[in-house]
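The exercises below are meant to be worked with the sequence and the 3D structure open side by side. Try each task before reading the solution that follows.

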There are 2 protein chains.
Amino acid sequence: MTAILTKPAEQVRDHEKHRLTSVTGIAGLGLDAIASVAYGPEAIVLVLAAAGSVGMGATIPVTIAIVLLLLLLVATYRQVIAAFPDGGGAYTVATRHLGRSAGLVAAASLVIDYVLNVAVSVAAGVAALTSAFPALLAWTPELCVVVLLVIAAINLRGIAMSARLFALPAAVFVVAVLIVVGIGLIHGGPVHPLPAPTQPVTVGSVGILLVLAAFGNGCAALTGVEAIANATPSFRKPRQRRARTAEAGLGLLLGVLLISLAVVIDRYGARPVAGRTILSLVTEGSLGNGVGYVVVQLSTVVLLALAANTSYGGLPVLAAKLAADDFLPHVFGLRADRMVHRYGVFVLAALSGALLIGTAGNVNILVPLFAIGVFVGFLLCQVGMFRHWREVRGRAWRWKAAFSVFGAAMTAAALLVVTASKFLEGGWLIVLVLPLLVVGFTVVRRAYQRIGAAIDVDAMPAQPRRTGCVVVVPVVSITRLAAESLSTAMSMGDRVVALHVAFDDETEANRKFAERWQQWRPDVPLVMLDSAHRTIDEPIVRYVKSLPEGRVVVLIGEIEPTRLWERILRNRRGAVVARAVGRRTCAVVCRLRFRLT
Amino acid sequence: MTAILTKPAEQVRDHEKHRLTSVTGIAGLGLDAIASVAYGPEAIVLVLAAAGSVGMGATIPVTIAIVLLLLLLVATYRQVIAAFPDGGGAYTVATRHLGRSAGLVAAASLVIDYVLNVAVSVAAGVAALTSAFPALLAWTPELCVVVLLVIAAINLRGIAMSARLFALPAAVFVVAVLIVVGIGLIHGGPVHPLPAPTQPVTVGSVGILLVLAAFGNGCAALTGVEAIANATPSFRKPRQRRARTAEAGLGLLLGVLLISLAVVIDRYGARPVAGRTILSLVTEGSLGNGVGYVVVQLSTVVLLALAANTSYGGLPVLAAKLAADDFLPHVFGLRADRMVHRYGVFVLAALSGALLIGTAGNVNILVPLFAIGVFVGFLLCQVGMFRHWREVRGRAWRWKAAFSVFGAAMTAAALLVVTASKFLEGGWLIVLVLPLLVVGFTVVRRAYQRIGAAIDVDAMPAQPRRTGCVVVVPVVSITRLAAESLSTAMSMGDRVVALHVAFDDETEANRKFAERWQQWRPDVPLVMLDSAHRTIDEPIVRYVKSLPEGRVVVLIGEIEPTRLWERILRNRRGAVVARAVGRRTCAVVCRLRFRLT
């Protein structure tokens, strides 16, 4: 998961001492990676348990393979930090070295990752919660939606959380897991008895396909290792050295946690139990199901909620970047109060909410999808680094390039494995959505280029010139509102025309209006428009279209009541006319709000 | 239920031959009354069955009492037809003779009735459907909502149904019920065996309270008898004679149906069966459960759907009338395409939908509430008629006045009985909502009077005068859009100022803009506004407020893309600025849509 901090632009401007050290960098930016410990090992065990105890024996080898891939990725991203000191995720690397199309693929995979990170983290957090409080299990989808809405609401209010704040829950979680596995490693077996597994024990053979599927599934544990490389500018000087140290530290920490967890799972003989996470089983084996157990589960919940939160810092910023490059509608670049990219937050919440509801908050369906998206990014990054070394050359560049090729081959293999093994279980969704997103970016860009050409964005347009102008003022009745509207119109145009829509079933009222107008003598010609169907917009539109002047302004006066509730008293005629005139004519629509005092 | 025809205003204008005769009047306007046969007798039986077979013995006497009340009401409404040839429901009579407050009470009771008519008719229609197809029983609330949405959608599209169209289903229903009761009366007992009652047979005593409760509940069978009097102008000439004949015919028909149904229920010993309507039990007793049974049930469903539909003709027209008198927000007077009072239709669907969902489509909760609202209208109408006779005098006026007093006393007694017996089972809702509606009408009216006074609605306002005017044009970049906006502004104002919001983190872009402006030389002063927080609305609002001119116009140019989907590409900056300026300043907001060609 490419975690960019909640407010990168501001943080860059912040004072040096507010920036990250290696240690706070691991906590703040490594949050997603550390959080994946909560669902990564589980993803492996769930596949292997299908082959009974024989299958479970493969837990440690599969985990070692994943940790080797982890070391490969960490080495790659340390290279990326060195090569892109301004921060470069797969998007930057791919755009720079593989061209715009590859960059768009990387961007699309990032969008998918951000959405899946929210869905997976929320679902895994709720799973940790229901493991501690089984009574809540039946409410899983509802709890997921509530957590999602709370996180989205916090981000809509623009409450930024600093990396430092993240350090505490991350540290609590890491220490807790280390204690749990420490007890297990020392004791050599469960201290407290584990609940009986609910899956029927089949003594299947451990085929190569099963091991590959477990490997692919477990790759979800590697999500998030790229975050530090993306945010190099957030570190204190010397930035690159600190970032490289943080990346190595994160890799080490994650590797230790994964391997030791795999060993303890193996020693405890932990097997899937319905309604329980594997981490909660291991914790129970070490600490029993007392206070310690609840503390570990709750720290997991908090960590996963924070991991979900990082997407809200990332996706809206990425969307704004894409919007600035014309690949997404410009509304994503719009910031509301408190600098929030409101549209990005909305879209992220809506998409991840749809995923959570669609899968009923089931972590095990979501995790493999997540791995697919993330590995697309890894692959592009490594291929890009190969091109980078070939271009930049420098000391031992051939070795570095060869390493990138090797890494790319490994990542491609992992990507192939996870996609193939999970294609029918939802993988097709990613395979479908990724190219659709790329096509979408391209279509949007083309439309903006067409619009830009139409308004002479590059050429110098003709100079503005003054021309004649007629101001049309619909008048309902002769009041101070009408007087104010006509005064404004007279100040605006060379020629002013007052319009009164006369319903044909109200002859008496129409006669009275004309009479009162005669008495008023406002020095403005009055045009009475017949309306056979009591519509107000139709006759006005027809009149505006019939005017000979090229430049027509329609001025609509509306009363703005003093009290808020009185707004429901407005008749919305102004809105109806404004909409019809704006849509169906070329006239400029002016709205005058007449405030009652 | 005061059924006004779907489109009364148009119908009045229609040619004479399109108007109602006595017979089509009974079908078209008596629909609600006839439809109440589907739930009225059931309401009686449900209360009495609580006292076992002894209680059931009271079915015929209670029905006779209700039919006597029916005759009283029919006589009253024949008087109303004579006295108010322009059509007058409780609202007209009460307003004319009892003052505005009584009129508002009548209006509030009408609003409640319209809403409850929809809820009761839909729920009873679905009950008839699930009686025929028990598999649908579990889906009762969902079916209610679907039926409601379909009826609302038809009315939003403005598909008017003529009274003639209503004649066929009403006739089918009446003939079907007459056949069913005819067989019962001739045979003297069930031809086919009835299913066993599901209510435990308690042999309770038949207290006076039980009988009163059954009477009150059964009064729901009388809803709708006032509809003909409300719509006298819809009849062919001689209108009053035809309307009086129709009213008498409707009363006769309804009376015959109610009494004969009661006798057959008694002969068949029909008792409540879960998931079945009483009418469906009686039908099964006469025709068995073959094709005939399904035909009767389906004709009931169609009739009840049409009965619900009449509210959609009535409430929006009443709301528009109240809005014209300033008692409701004026939006209710607004007609959309095809002359539909869209807001009225929305509000009716929302309120009756809430009732249906809140009661899970249970007819037996809704029916007594309906009776309460309707009887408030009956009472006001009769008291009003008493005043009318005292005022008008004429032949034998004392007798007529005495009759009205007697009718009012009977109606008041019935109202008291139904309210008291059903107060805890939802009656409180009506007792609460009715005065709240009246208070709401009054508050809205006062606000309109205050607003009217503030804009000199009655006095002659000052004559409009031309004054100086500055036009402010926010410019984002130098394009054809900017040129067009500035040209329009120059044609509109004495003084034009171009504004450019400069984000403080984009110094390079700002410098380039200023440079390009120099090259363009548009003969308009440019003001660069600093924005520290990348907001666009804040600096513009501050600038507009700082201007010395009294009359400020802010002209916002926006691109209107050619294709519909391209609308999502608009950046909404114009909307953000327009909203902020409109809300926070006194400036006139003008929006220029620049169409790409």
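Domain bounds, as used here, come from an automatic or database domain assignment. The model is a predicted one, and in it chain A is divided into domain 1, residues 8-449, and domain 2, residues 470-595.

**Exercise 1. Find how far apart the C-alpha centres of the two domains of chain A lie.**

Solution. Take domain 1 (8-449) and domain 2 (470-595) of chain A as the two groups. Their C-alpha centres lie 59 Å apart.

**Exercise 2. Determine which rotation superposes chain B on chain A, and what relation this is.**

Solution. Step one is the general idea that two copies of a chain are related by a rotation about an axis and a shift along it. Step three is to name the relation, which is that of a two-fold axis. As a landmark in chain B, the C-alpha nearest the axis belongs to B:Cys590, at 1.9 Å from it. Both copies use the same surface, since 100% of the contact residues of chain B recur in chain A.

**Exercise 3. Describe the side of chain B that touches chain A, by element and by residue class.**

Solution. Begin with the totals: 66 residues of chain B and 67 residues of chain A take part in the contact. Next, list the elements of chain B that each supply at least two residues to this side, among them α18, α20 (507-520) and α22 (573-584). The element that gives the most is α19(B), with 10 residues. Finally, sorted by class, the residues on this side of chain B are 37 nonpolar, 14 polar and 15 charged.

**Exercise 4. Trace the sheet of 10 strands and say which strands stand at its edges.**

Solution. Write down the strand order, which is β3(A)-β2(A)-β1(A)-β4(A)-β5(A)-β5(B)-β4(B)-β1(B)-β2(B)-β3(B), in an open sheet with mixed pairing. Then look at the edges, where β3 (526-531) of chain A and β3 (526-531) of chain B each have a single partner strand, so one side of each is left without a neighbour in the sheet. Neighbouring strands are turned by 30 degrees against each other on average, direction ignored.

Now examine where the chains join: β5 of chain A (residues 588-595) and β5(B) run antiparallel and are linked by three bridges. One of the bridge pairs is A:Cys590 with B:Cys590, and another is A:Arg591 with B:Val589. Helix α21 of chain A (residues 537-546) packs on the sheet, touching β1, β2, β3 and β4 of chain A, and its direction makes about 130 degrees with that of β3(A).

**Exercise 5. Classify the crossing of helices α11 and α18 in chain B.**

Solution. The axes of α11 (residues 208-218) and α18 (residues 397-454) of chain B come within 8 Å and cross at roughly 105 degrees. Because angles of 65 to 115 degrees count as roughly perpendicular, α11(B) is roughly perpendicular to α18(B). The residues in contact include B:Leu212 and B:Phe215 of α11(B), and B:Val417 and B:Val418 of α18(B). By class, this contact has six nonpolar, two polar and one charged residues.

**Exercise 6. Locate the cis peptide bond of chain A that joins A:Lys237 and A:Pro238.**

Solution. The bond between A:Lys237 and A:Pro238 has an omega of about -10 degrees, and A:Pro238 sits in the loop between α12 (227-230) and α13 (239-268) of chain A. In chain B, the peptide bond from B:Lys237 to B:Pro238 is cis, with omega near -10 degrees.

Note on methods:
Residues are numbered from 1 along each chain as its sequence is written. Chains are lettered from A and ligands numbered from 1 in the order in which they are written. This is a predicted model: local features need pLDDT of at least 70, side-chain atom pairs count only at pLDDT 80 or more; totals for chains, interfaces and linings use all residues. Axes are lines fitted to C-alpha atoms, for helices over the stretch in contact, and angles run from 0 to 180 degrees between N-to-C directions. Helices (H or I, at least four residues) and strands (E, at least two) are DSSP runs, numbered from the N terminus. Angles under 35 degrees count as roughly parallel, over 145 as roughly antiparallel, 65 to 115 as roughly perpendicular and the rest as oblique. Two residues are in contact if their C-beta atoms, placed from the backbone, lie within 7 Å. Ala, Val, Leu, Ile, Met, Phe, Trp, Tyr, Cys and Pro count as nonpolar, Asp, Glu, Lys and Arg as charged, and the others, Gly among them, as polar. Copies are superposed by least squares on the C-alpha atoms of residues with pLDDT of at least 70 in both. Two strands pair if DSSP finds at least two bridges between them.
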